[in-house]
Amino acid sequence: SLEMRERVLGPDHPDCAQSLNNLAALCNEKKQYDKAEELYERALDIRRRALAPDHPSLAYTVKHLAILYKKMGKLDKAVPLYELAVEIRQKSFGPKHPSVATALVNLAVLYSQMKKHVEALPLYERALKIYEDSLGRMHPRVGETLKNLAVLSYEGGDFEKAAELYKRAMEIKEAETSLLGGKAPSRHSSSGDTFSLKTAHSPNVFLQQGQRAGKSNPTFYLQKGFQTYVL
């Protein structure tokens with residue numbers, strides 16, 4: 001298909017980029033990451049020259065190449081693409097759309113993984129504001145962003161702030177569970193990239209004063225990768 005399109009339409013035609021994307025996705029599924037990278041990069045080059053800056057097809061290639069770079073550990077190459085994803089969504093939906101917030105979270109997570117917490121913090125805060133204003137202060141995406149901010153605060157040594165943020169995130173989670181009759185839904189993060197966090201209920205809670213808490217209070221666990229932080 002790619003060979004026919006290149007021969008009939010020319011190698012720089014947007015339809016060739018579509019074939020390149022499809023082939024790249026197949027290589028990615030087969031774990032042929034170097035080949036997938038080459039194909040996605042060719043598709044991106046074609047689409048950046050042929051399409052409008054906010055075109056959905058350009059956004060598709062940007063997204064999947066960025067995810068591939070991240071999977072391959074090429075975080076420095078992923079950063080400009082995640083930044084471009086933010087720009088595309090802002091042009092498409094406006095700066096206060098929840099989709100923009102999700103792109104900001106993705107970029108913030110990447111910076112966090114690179115230990116660039118100073119760069120990650122304002123992105124999380126901006127995403128949180130957008131989610132709160134557009135979806136409401138008790139929306140699950142607000143809770144997810146609060147949990148990521150809690151991890152960031154913990155790693156920065158601000159344990160009191162981390163506990164405050166995570167407590168609020170848990171209140172959102174508990175309210176959601178209550179509305180669903182005690183059964184929380186199985187859901188991936190809004191961004192697909194945010195840190196993993198969890199909670200467990202226990203009669204013991206570590207509080208600032210060190211007192212023993214009642215059985216109804218949760219112990220807060222923050223988990224990132226294979227390491228679990230207890231607040």
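1. A word on the model: it is predicted, so local features need pLDDT of at least 70 and side-chain atom pairs count only at pLDDT 80 or more, while totals for chains, interfaces and linings use all residues. Residues are numbered from 1 along each chain as its sequence is written, and side-chain values use heavy atoms, leaving out hydrogens and water.

2. Residues 17–50 are 91% helix and 0% strand, with end C-alpha atoms 10 Å apart. Helices are DSSP runs of H or I, at least four residues, and strands are runs of E, at least two.

3. Helices H4 (residues 56–71) and H5 (residues 75–93) pack at about 150°, their axes (lines fitted to C-alpha atoms over the stretch in contact) 8 Å apart. This makes H4 roughly antiparallel to H5 (an angle over 145 degrees). Their contact (heavy atoms within 4.5 Å) includes Leu58, Val62 and Leu65 of H4 and Leu81, Leu84 and Ile88 of H5.

4. Helix H8 (residues 140–155) has 16 residues and reaches 23 Å from first to last C-alpha, close to the 22 Å expected at 1.5 Å a residue. After H8 comes Gly157, with a positive phi near 90°.

5. Leaving aside residues up to four places away in sequence, Thr145 touches Val105, Tyr124, Leu128 and Tyr131.

Terms used:
Expected span 1.5 Å × (residues − 1). Axes fitted to C-alpha atoms, helices over the stretch in contact; angles between N-to-C directions. Parallel < 35°, antiparallel > 145°, perpendicular 65-115°, else oblique.
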